[in-house]
Structure formats: C-alpha cells, structure tokens
Amino acid sequence: MNEPLSPYPRVRLLAPRLPQHPAIFRRALESDVRLAPGSVVDLVDDGGHFLARGFWNGHARIGLRVLTRDAHESIDGDWIGARIAAALALRARLDLDVEQGALRLIHAEGDGLPGLVVDRYVDLLVIEYFAAGMWKLRGAVEAALRARYPEATLYHYAEAHVQKQESFDCSAAPLPAPRWVREHGLEFQVQPGIRHKTGFFVDQRDNRARLGAWAQGRMLDLCCNSGGFALNAARAGCVAVTGIDLDPEVLQLARANAARNALRVEFIVADLFPYLEQALAAGQRWDTVVLDPAKLTRDAARLPQALRTYVAMNALALRALAPGGLLLSCSCTGLVDEPAFLEALRRAAALVGRELQILHVGGAGPDHPWRVAAPEGRYLKAVFARVV
C-alpha cells in the first residue's frame, strides 16, 4: 500500500531500524531540524519511507515520542479522543474495586498517550502533562475528559523540571478544594498541588490492602507521606503505629486522615537515617516496617548512587525489625528494575547478617498498564519479605 500524503514535516532516523520503545533519544535523530518543541513529525528512514509519527523536541533528551506507527492516523482531537476513550473502556472492563473514585484513568505510554497522566478523585480529574506536544493538545485532552465526566472539576499541572526540559510553560492553575476518597474502607484527603504527584499515591492501592492483611505487632512506616500504609496497619490491630516523614505539610494531612478514620497513629517529622540510628541505639525494634521513599533519581548517570542509597536504607530497616518481622520495601525509581532492586535488598541483608524470605513482589495496580517495550512504565516495585 502506498504511503498517504502527509502534512507533517519529516525527521530522519539515524539508527539502522526503528526501536520498539516509544521514546527515541535525540542522538538517534538527525541534528539539523528547526521545529518548535512538541511539533508533530513523521519519522522516516534514509530512503524517506515512513516509520512512525510522534512529538518532536530538539531541546530535550528524548527527541521523539512515538504516537503511532500507522501513516494513516492523523494526530488531532479525534485521535486524542479515541485514545482516551480506549483507556477509559479498559478501566471499565477491568471492573476495579474502587469504592469512591481514586483511580488512574490514563497512564502515559501504557495507554498510548505519552506525556499524559490523569488521576480521578471522585469528581476531580488531575491532569499531569510531561511532554510539550501533549501540552499543545491540552484543549483536545480536556474536551475528551469533559465529554466523559461532564460534572468533573479539571485541574492540570506540570512539574517545573519537566517544563524546563521540554520547553513549555504550564501556567499555574488555582488549587482545587480537597477531596475525600475511600479506599478499602478507609478515607483519605487528597490535595493536589502540594508537591506529591497528583495528590495521592494511587499506585500503592493493592499494596496497602496486602500490608493491612499481613501487618502485626509494632509497626513503623518510613517515608509515610499521608499515612496510607500506617492507617491500614492501625486498622489491622497493630499495637503501636508510627509514621515518619520529612515533610511537615504532608504529615498534617496524615494526622487529618488518622482523625477522620478514628485511628491512633503517631506521626513524626524526621529523616529516616538519624531517626533509625537513634531508635536502634535505644534498643527499639518493630514487627512490621514499611520503607517507601520518593524517587531517588531520574538520571541514569546517578543510578549507582541510587542503588547504594537503597542498600543503606534497607540495611537500617532490617536492623530495626524483630526476628520474623515483615518488611515492605518499595522503589518507585523507574530506572531501577526489579532484578536490580532485589539485588539491593540482598546486599542490604548481607550487610546486617539477616536473611529475607520473599513473600510477594508487587507493583502498581492494573489501572497503571505498561508496555513490554517500555519496561520503565512498571516503575513501582513492592517487595514483601519476612526477615529471618
């Protein structure tokens, strides 16, 4: 079949073949391209034959984000609407057990929409843009969402480092009013715009439920954020629950969540390293420990340091656990794959003379689909282990 005439400018691929991965680095593309960041382009081979269509960005490390490999697909409002409709239909088909509106509706490359994440909190849709091209199409994105959720409030944002890397300006929108969401019978307040993703860590939903089923004794939640794991442990009957985080603002949210659910949890503003060192020196031990730090790096050059930090963190957490205790150790660093994270845990256990009996290795729920060609979409690793 002959290729259709295309209105899009062409960019030549320098690599011998088109990668399966939807993100193509700038170094694999011709260098003398003068187009605005976020322009839709056709990627062609040396013979000028169509390979893919996507967002171009000559200012970013990722030079092209592949949107389609079909030359007959135009990137417009209809295309956006069809992709969003498919993502929402998938969530409906999965019949997820979401009691009251905490759900990821669109998961970037996993839903064929690179540069776009949308989370739903009851009647609030939080839209995160992290590609200049998707930001340019924001009108079509928001129109498609309003067509499906006409009563919803839409709030969009982009992190400052993303705007700088991608060369676009996402003007700050007024913060929406907080929402209360219900998950596994507990209620949590969601407040987008306070530096913590889209307002709530929806990706840990299934892991919070498992932790609630397995937690026992004294429980310590390190990097606790708004208290999701701590509250599940408290409801499960843990005799004493403590949450640690460096951010006093998010701990105010955690305390409000505990009060809303009539649960007793002690929340402390502290850095986990000195806190654990002092606790260990005082002879404290816990029966359940959760370690869920923020992303440690986005830079592949800093990956070795990130892995060393995971080893150090987990070594301390293991020292803090009583024999037979339960560890839930998490990593949301996409550059750290599951084998590398498990190796970091092995090294941590060896450092402190403990052994880990792995019970379960999980991740985000099915509302966070990922493509086998883009494994970093499976960014969350959640390892449940018994400490021997």
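User: Are Y155 and Y157 buried or exposed?

Analyst: Both Y155 and Y157 are buried, where buried means under 20% relative accessible area, exposed over 50% and partly exposed in between (1.4 Å probe, protein chains only). The model is predicted, so to speak of local features requires pLDDT of at least 70, side-chain atom pairs count only at pLDDT 80 or more, and totals for chains, interfaces and linings use all residues. Residues are numbered from 1 along each chain as its sequence is written, and side-chain values use heavy atoms, with hydrogens and water left out.

User: How many aromatic pairs are found in the whole structure?

Analyst: A search of the whole structure gives six aromatic pairs. Rings of Phe, Tyr and Trp (its six-membered ring) pair if their centres lie within 6.5 Å; planes under 30 degrees apart count as stacked, over 60 as edge-to-face and the rest as tilted. Y155 and Y157 form a stacked pair, at 6.3 Å centre to centre with 15 degrees between the planes.

User: What about F188 and F200?

Analyst: F188 and F200 form a tilted pair, with 5.3 Å centre to centre and 35 degrees between the planes. This pair links distant parts of the chain, 12 residues apart: F188 is in strand β11 (residues 186-190) and F200 in the loop between β11 and α5 (205-214). Helices (H or I, at least four residues) and strands (E, at least two) are DSSP runs, numbered from the N terminus.

User: Why is F188 called buried?

Analyst: F188 is called buried because its relative accessible area is 0%. F200 is buried as well, with a value of 3%.

User: Changing topic, where does R179 lie?

Analyst: R179 lies in strand β10 (residues 179-183), and R179 is buried, at 13% relative accessible area.

User: Which residues is R179 in contact with, leaving aside its neighbours within four places in sequence?

Analyst: They are Y121, D123, L124, T153, F188, Q189 and V190, contact meaning heavy atoms within 4.5 Å. The side chain of R179 also makes a polar contact with the side chain of T153 (3.4 Å). A polar contact is a pair of N or O atoms within 3.5 Å; within protein, one must be able to donate a hydrogen and the other to accept it, and residues adjacent in sequence count only if both atoms are side-chain atoms.

User: Which backbone oxygen does the R179 side chain reach?

Analyst: The R179 side chain reaches the backbone oxygen of A177, at 2.8 Å. A177 is in the loop between α4 (160-166) and β10, and A177 is partly exposed, at 47%.
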